[in-house]
Structure formats: C-alpha cells, structure tokens
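Let's take a walk through a protein model together, one piece at a time. Have a look at the picture and the sequence first, and then we will go through the parts.

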Amino acid sequence: MSTDRFQPDACPGALQVHQAADGPLARVRLPGGALAPHQLQALAEAARDVGNGQMELTSRGNIQLRAVKDPQVFAERIAAAGLLPSATHERVRNILASPLSGRIGGVADVRELVHHLDLAVQADPALAQLPGRTLFTLDDGRGDISGLHGDFGLHAHSESEHSLVLAGNRTNHLVHVDDAVPLLLDAAHAFLSLRDKHWRLAEVPDGVARTIDHLGLAAEFSGAVDLAPDAGPSIGWLEQHDGTVALGGGLRFGLLDARLAEFLAAIEKPVVVTPWRSIMIFDLDEGAAEQVVRVLAPMGLIFDENSPWLDVSACTGSPGCEKSLADVRADAIDAVEQDSLPIEGRQHWAGCDRSCGRPRAKVADVIATTDGYRVNPTDQ
C-alpha cells in the first residue's frame, strides 16, 4: 500500500524520538502496561544515566523519558531488557488492558490476550504501517478500558466470549476468545485500507460502519461506550483472588523518579503501569505489602486515595514545551501546597489550549493564558 499521500507520522517511539524543547523524548510501549522487575530496573538506570532522572507514565500505560542525551544508547539498553522486540512495529504496540484483570474482579482474564495480540501484530508486516496513535483495547468486562475509546477492542462478556469494539463503539458482534486476535488484526487491516490521511478510526468518515462492512459482519453498533463510574486508579491495599495483596500507588503528575523505580524493581514482583498514570504492584504477601508501604510512601508513591494529588494532572508545560505559556506543574504544585486550587475535584492544568495529556474522564481544565489561568468547568 502506498503511503505517499500521508503526512509523516511524528508519534515518538524508542527509535524515532521527538525533539522537544528540553531535548529528545523517547517513548517505550508496554502492552497491557506490564513490566517485569528487570525491565523496570533497566528503565530506571536509563532514566538516571541518559535521561533527566525521571520517567513519565502516559495515559496509554506506556513510559517515556525526556532529555535523552544518547537515543541510540537508550534503545540498546531497552532492547537488551526485552522492551524493543520489533524495530519495525515498536510504535504500534499500543495495547491497553484492564490492569487488575485475572487478579481482582472482571469476568475474564485478558492477560494472555495481550500477549497473543502483541505477538500477532509484530508478526504481520503490513501492520507496521499503522499510525503510532493506533490503540487496541482489551476490557475484562468491568468497563474500565472500552470507554477510553481505542480503535479496535474487545469487551468481555465471559471468559470465552467478547464483543467487538470499534472506535470506542461496542458492537453486537460476539467473538469466541480463540478467534478474537485474528478479528482485531482484520479490523486493523480494514482501517489501513480506509484511513486515507486519518490517524484514528474515529476520524474516518463512517469509519465504524465501513469497517464492519469490510469485515463482512452482520453487526450493529449503538454509540460510544461510557466508562464505568468507578473507572480510574485503584489506590492502596487490594486483596487478590488468590489471597495475596496488590498495592496501587499514585504519582504526582505521573512522574516516576529513577530511585523510586529501582526500589520498585527490587521488590521483584510484577508491576503494571495503568492508563491513569499510576502503578500497580501485584502478588505480595501481607508482610511484604506492609513493608512496601512503609518504605515507598515517604519516597513519593501515593497510597492514600484521598490525596489531593490524585485529582490534579498536568501537561509538561514550560520549559519542556515551547508552546506552553506557563510552568504549569510548578504552578499546580504551589496551588496544592497552599490549598488554593482554582476549582474542586479532578482538574487538568495545561500550558495552552491543546491541553496535552488530558485524561479521558470528567475533569475541569485549567488553561494557561497570557493573563493567568482560565478555568473550564467539567461540563464544558
């Protein structure tokens, strides 16, 4: 397929970095947000040695580093840790999955689906042409992921049966789990044939209906899926199905310091980065969980679900972004610490009207202008 009519895809990855105002920005895809301890350790060392000492958690459960001094060294390090399994497909491995799946709640365990989908995408040469903004979603039935409006997804009805979700619209087409991954790949191929200059399926005129036709399905769709009312970060102490403990920790602005990341890696338990820029630590016994809270809470991992920091998100702002009109993170920090937030509840601070990094949830917007900040309430 010719791509001559398309604008270059500038979405950053681990190999194609974005030249930000504060230096190269590199993004590492984490299908399902999953990180093994040795991979988290490798990222922490890279952030300390070739980055600015921090990792940014993204709304797609990925991790990015800013001010990368040597992108080639960074790529070599993460490849050695198994975080760069395909140079051709590394920017299209965007797979969101219910973070608690298989451990707490949900009607299906989608962790194996994440693995199989990731391998299948990498094995399909044509899918390397997908835009870097493409998003696959796997919701285990609790409703925390389908409403994040990916391009191609599954919503579990049982362990074996899922409905097809396209551009955040749930269809009435049910697919057996054994046939689910091939169907998602077929949908991605359909998008490639229909996309023209568009980056997301939702941008394609009549994209959902045309994709259904392309797939040869007798299916209907009923509009966008809403997020479950309780969708969001799970913070604090959670009991898993097997009796072990999961800990959910928030981070101020989703920033994970390299030293804190090394302590997380030293726990030697599975970690998941969530779409809400939080961290889940799984499979702990009670004694270990208590010790983790005692050690990591003073280092900045937030286990208090009532912390005001969980209501405040922000874009990079100045000086990292040349388009920003303010150092929004510094201003937001001052507002929280002085108990002077301009509005109650969830809010996103942004340096311009683009409002980069805004959560896909009901939040108020606090937008920098040339004359202070403008507040757009939640309902606007």
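## Sheets, helices and a few buried residues

Five strands form an open sheet in the order 3-15-16-13-12, with antiparallel pairing. Strand 3 (34–35) and strand 12 stand at its edges with a single partner strand each, so one side of each has no neighbour in the sheet. This is a predicted model, in which local features need pLDDT of at least 70 and side-chain atom pairs count only at pLDDT 80 or more, while totals for chains, interfaces and linings use all residues. Residues are numbered from 1 along each chain as its sequence is written, and side-chain values use heavy atoms, with hydrogens and water left out.

Helices (H or I, at least four residues) and strands (E, at least two) are DSSP runs, numbered from the N terminus. Two strands pair if DSSP finds at least two bridges between them. In general, strands of a sheet pair through backbone hydrogen bonds, either parallel or antiparallel.

**Pairs of strands**

| Strands | Direction | Bridges |
|---|---|---|
| strand 12 (residues 236–239) and strand 13 (residues 245–249) | antiparallel | four bridges |
| strand 15 (residues 271–273) and strand 16 (residues 279–284) | antiparallel | three bridges |
| strand 17 and strand 18 (residues 347–350) | parallel | three bridges |

You can find single partners within these pairs. L238 has A246 in strand 13 as its bridge partner, and V272 has M280 in strand 16. Strand 12 and strand 13 form a hairpin with five residues between the strands, where G243 takes a positive phi near 90°.

Another open sheet has four strands in the order 17-18-19-20, and its pairing is mixed. Its edge strands are strand 17 (312–314) and strand 20 (372–376), each pairing on one side only. On average, neighbouring strands of this sheet are turned by 25° against each other, direction ignored. In strand 18, H348 is the bridge partner of S313. Helix 8 (residues 328–337) lies across strand 17, strand 18, strand 19 (364–369) and strand 20, and runs at about 140° to strand 18. Such angles run from 0 to 180 degrees between N-to-C directions, and axes are lines fitted to C-alpha atoms, for helices over the stretch in contact.

**Helix 3 and what covers it**

What end-to-end span should helix 3 (residues 111–122) have? At 1.5 Å a residue, its 12 residues should span 16 Å, and its end C-alpha atoms are 17 Å apart, which agrees. The expected span is 1.5 Å times one less than the number of residues.

The buried residues of helix 3 are L113, V114, L117, D118, A120, V121 and Q122. Buried means under 20% relative accessible area, exposed over 50%, and partly exposed in between (1.4 Å probe, protein chains only). Among the elements that cover these buried residues are strand 7 (136–139), strand 9 (161–166) and helix 4 (177–194). A cover of this kind rests on contact, meaning heavy atoms within 4.5 Å.

The axes of helix 3 and helix 4 come within 10 Å and cross at roughly 40°. On the helix 3 side, the contact is made by L113, H116, L117, A120 and V121, and on the helix 4 side by V177, A180, V181, L184 and L185.

**Helix 4 meets helix 5**

Helix 4 also packs with helix 5 (residues 207–215), at an angle of about 115° and with the axes 9 Å apart. Here L183, D186, A187, A190, S193 and L194 of helix 4 meet R210, T211, H214 and L215 of helix 5.

Is H162 buried or exposed? At 1% relative accessibility, H162 counts as buried. Look for H162 in strand 9. Leaving aside neighbours within four places in sequence, H162 has contacts that include A108, L113, H173 and V177.

H198, in the loop between helix 4 and helix 5, is buried with a relative accessible area of 18%. Not counting residues up to four places away in sequence, H198 touches P131, F191, E203, V204 and P205.

L217 sits in the loop between helix 5 and strand 11 (221–224), and L217 is buried, with a relative accessible area of 18%. L217 and H173 are 44 residues apart in sequence, and their C-alpha atoms are 7.7 Å apart in space.
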